[in-house]
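Here is a short report on selected sites in the structure below. Read it with the model open.

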Amino acid sequence: METYESIRKWKDEALSSFMNTSISLNKFHDQVMLKVLEVAKGKMKQSTPPCEFTWFITGSGGRFEQGLISDQDHGLIYEISNEENDIYFKELGEEISYGMNCVGYPYCNGNIMSSNPTWRKSVEEWKIQLIEWMKNERWESIRYLQIFYDGRVLYGNTEYLSDLKSVIFHYQLQHPTLLQRFIANVKHIKNVIGPMGQLLVEQHGVYQGCVNLKYSAFLPYVNAVRLLSIKEGIFETSTIDRIDRLKGKDEYKEMLRDCKENFITLTKYRLSLLNAQNYDDTHYLNIKILSKEQKKEIKQILKCGKRLHDEVIELTLAKN
Amino acid sequence: MEAVQVLMDNLWVAIGAILVFFMIGGFILLEAGSTRMKNAGHVAGKTIFTAGIGTLVFWAVGYGFIYGDGNAFIGLSNFFYGDASAADGGLTPAVDFSFQVMFALVSLTIAFGGFAERAKLSVYVIFAVLFSAFIYPVVAHWIWGGGWLAEHGKQDFAGSTVVHLTGAMAALAATMILKPRIGKYNKDGSSNVLAGHNQVYTTLGVLILWVGWFGFNGASTFGVADGFLGFVILNTQLAAAAGAVAAMFTAWAKTGKADVPTTLNGALAGLVAITASCGFVAPWAAVVIGLIGGIMVVFSMQLFEKLKIDDPIAALSVHGTVGVWGTLSNGLFALPALSTDIDWGQAGLFYGGGFTQLGVQALGVAASGIYAFVVAFIILKIMDKVMGGLRVTEEEEIMGLDISEHGSYGYPEQMALEEAKLTTAATKEKFS
């Protein structure tokens, strides 16, 4: 009989053998999380769920881009809302979040967890919420929409999630200004190349001399590619898959040149941060320990990311 | 005796320059106090470096565009003005320049009130250059530098129009292009209060401005002859006092509360209003001018709010609306002895001067206001296009300009706590 403790133990022991590639690491994370779900389900008073449901993860997990350590981001979609179902999934959602924390995925600061009613709804309620988010266009709700768009099903049928994503896709087709709101939401990036072409590193603190990979390297790629995916109605979640799909369209071929290779290299750098002790550690790359070639490579990746980010903004604004 | 007076004239105007420059300190506190904590370091700090930019540009070309030999539109000599020459019957070039440059900086700082809490730092840099070269000097030339409005007999003793209205019109252009701050207006059109973070700063800022104004108006006599500066200071004090009282009672009558920021804006309104007329009107008129300014500022703030023009520092109302009133008030209250008799325009409507002076004042306000607005609007629109927007990104605006533009907070300890809350609200972490 599995428990959260036994899953954690297994995870800590087995993790090192899955760290060769980002793909194997993410597949491993998926397995761990699915085990958590099974244990959580087992703890419910009802032996079987009262209706069909989908459990999805989002954030870096959703994009299949988790590093060694990652906090939890997930949500629930269930068939129908009624008193019995609402109670069951409330309890299940809370149990999942608790279990994920036990196993080593810390609680999410932004409260994007199945324990939060905002991220735990029936299909119909989800539809209403998504449209509400798109209508009111608040900064937070626009961000929630993009987070939702990175959702990937771990358990249950995939239709609920793809149906909901197409709600977003069709709404933005009819409301072109929505895309601009999406852009405004991710327009800020941490500039990491100085006016003299130098790498701008953290000036103080424990990460002195490091480059923040998350904000300056990953996010420009991730955000730009997600934006194009929303625009084109691509429901894949990993940045690599999205790039592949987008490259199938002529208009993006040039723009996305080198992007896939750069992104894969970036993921490798992140994997190299092996001695990570906590979530933050996995984001900081100390450039002092890099060789000259590596520094050059990182710079080129950062520049390419910034260029892509700027081009996508320009393109999307120009078309509307 | 005459030599002594020349030296005293120079000394008084030099003291005036120092007092007017200290007004920048008043603006720093006023603006920082009127804005939110996350922008405090930025709002305060940018005032220092825009004063630096403004000074260099004004030295290079600004002074020359105002006082150089040229035509009715602009002066075209005396660039890089100022040297070591001694006083020769009047002000030395260096004293004269020092006094003039401070007015340009005050006008520039007023203009930047309209940019508060959302413009990119680079926008401040570029607009400081362009404003100090092409906006302020042109209006100043028209009225003070022998330009076409001076020939009409326009009365603007210390700069209700030249300094305050010009700055406010640039602020208006900026406010319109920048659009309201995030969270200022709701979807249904109702507005929210984005309260400033420190009323004590704002209050102290107003007091410093008030003291500085004795130099602004008092030293605009350009000398100590007849002790006339005392009369100017008296009028200034009376109008400011009347403005503060009037605004406080107006706010109280309207809402039942004697709102502090409104009272403070009333004092400033009194000061702005009397700036044009301090050397032309009787003390009782100064009180009336200040009172009306204090009442006007309250309604003006309300009007801008309704028009969805988000003006965090109330620069448009204090310096714009009231700047217009101050200039027009000459046309009503100017004493014959201080206008017609000394050949500086005509007496006001209430002293038998008819509508002549009022007309001249109105023409001056309209021409200067339109020029400042249109040129600022065009410049900012071009900057908007070229620089990919004047405004910081939403995320930067939410995190605050202290961190986004400068990399450190004005209130580090406080903002560390706020940041933790922001992270939760904005779910920053979820993006990777």
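Start with a loop residue of chain B. B:Asp343 sits in the loop between α11 (315–333) and α12 (356–386) of chain B. This is a predicted model. Phi of B:Asp343 is near 65 degrees, a positive value in a residue other than glycine. Most residues other than glycine have a negative phi. B:Asp343 has a relative accessible area of 72%, so it counts as exposed, the cut-off being over 50%.

B:Asp226 is found in the loop between α7 and α8 of chain B. Phi of B:Asp226 is near 60 degrees, again positive in a residue other than glycine. B:Asp226 is exposed, at a relative accessible area of 81%.

**A glycine in α8**

B:Gly230 lies in helix α8 of chain B. B:Gly230 is partly exposed because its relative accessible area, 35%, falls between the 20% and 50% limits.

How much space lies in the second largest pocket? About 970 Å³. Of the 35 residues that line this pocket, the closest to its centre are B:Val193, B:Asp259, B:Pro261, B:Met301 and B:Glu305. Several helices of chain B each supply at least two lining residues: α1 (2–34), α7 (199–218), α8 (228–255), α9 (260–277) and α10 (283–306). Which helix gives the largest share of the lining? That is α10(B), with five residues. By class, the lining has 14 nonpolar, 13 polar and eight charged residues.

**Buried sites in both chains**

| Residue | Element | Relative accessible area |
|---|---|---|
| B:Asn10 | helix α1 of chain B | 7% |
| B:Ile177 | helix α6 of chain B | 10% |
| B:Val297 | helix α10 of chain B | 0% |
| A:Arg120 | strand β3 of chain A | 10% |

Take B:Asn10 to begin. Its relative accessible area is 7%, so B:Asn10 is buried, the limit being under 20%. Leaving aside neighbours within four places in sequence, B:Asn10 is in contact with B:Ala87, B:Gly90, B:Leu91, B:Thr92 and B:Val95.

B:Ile177 belongs to helix α6 (residues 160–178) of chain B. What does B:Ile177 touch, not counting residues up to four places away in sequence? The partners are B:Phe377, B:Leu380, B:Lys381, B:Asp384 and B:Leu390. The C-alpha atoms of B:Ile177 and B:Gly389 are separated by 9.5 Å, although these residues are 212 apart along the chain.

B:Val297 is placed in helix α10 of chain B. Is B:Val297 buried or exposed? With a relative accessible area of 0%, B:Val297 is buried. Not counting residues up to four places away in sequence, B:Val297 touches B:Asn265, B:Gly266, B:Ala269, B:Ser317, B:Val318 and B:Val322. From B:Val297 to B:Leu268, 29 residues apart along the chain, the C-alpha separation is 9.2 Å.

A:Arg120 is the chain A entry. This residue lies in strand β3 (residues 120–122). A:Arg120 is buried, with a relative accessible area of 10%. Setting aside residues up to four places away in sequence, A:Arg120 touches A:Leu76, A:Tyr78, A:Phe89, A:Lys90, A:Ser114, A:Ser115 and A:Trp126. A:Gly93 is 27 residues from A:Arg120 in sequence, and their C-alpha atoms are 7.3 Å apart.

**Helix α12 of chain A**

Stay with chain A. Helix α12 (residues 259–271) has 13 residues. From first C-alpha to last, α12(A) reaches 18 Å, close to the 18 Å expected at 1.5 Å a residue. Which residues of α12(A) are buried? They are A:Cys259, A:Asn262, A:Phe263, A:Thr265, A:Leu266, A:Thr267, A:Tyr269, A:Arg270 and A:Leu271.

**An annotated span in chain B**

Now the database record. In an unreviewed entry, UniProt lists residues 12–411 of chain B as "domain: Ammonium transporter AmtB-like". In the model, this span is 68% helix and 0% strand. Its end C-alpha atoms lie 39 Å apart.

Conventions. Residues numbered from 1 in each chain as written. Chains lettered and ligands numbered in written order. Predicted model: local features only at pLDDT ≥ 70, side-chain atom pairs only at ≥ 80, totals over all residues. Heavy atoms only, no water. 1 Å grid on protein atoms, 1.4 Å probe; cavity = no way out; pocket = protein on both sides within 12 Å on 5 of 7 lines; lining within 4 Å. Points joined across faces, edges and corners; volume = space filled by probe spheres on them. Helix = DSSP H or I, 4+ residues; strand = E, 2+ residues; numbered from the N terminus. Nonpolar A, V, L, I, M, F, W, Y, C, P; charged D, E, K, R; others polar. Buried < 20%, exposed > 50% of the residue type's maximum accessible area, 1.4 Å probe, protein only. Contact = heavy atoms within 4.5 Å. UniProt positions renumbered as here; feature names shortened; annotations may be inferred. Expected span 1.5 Å × (residues − 1).
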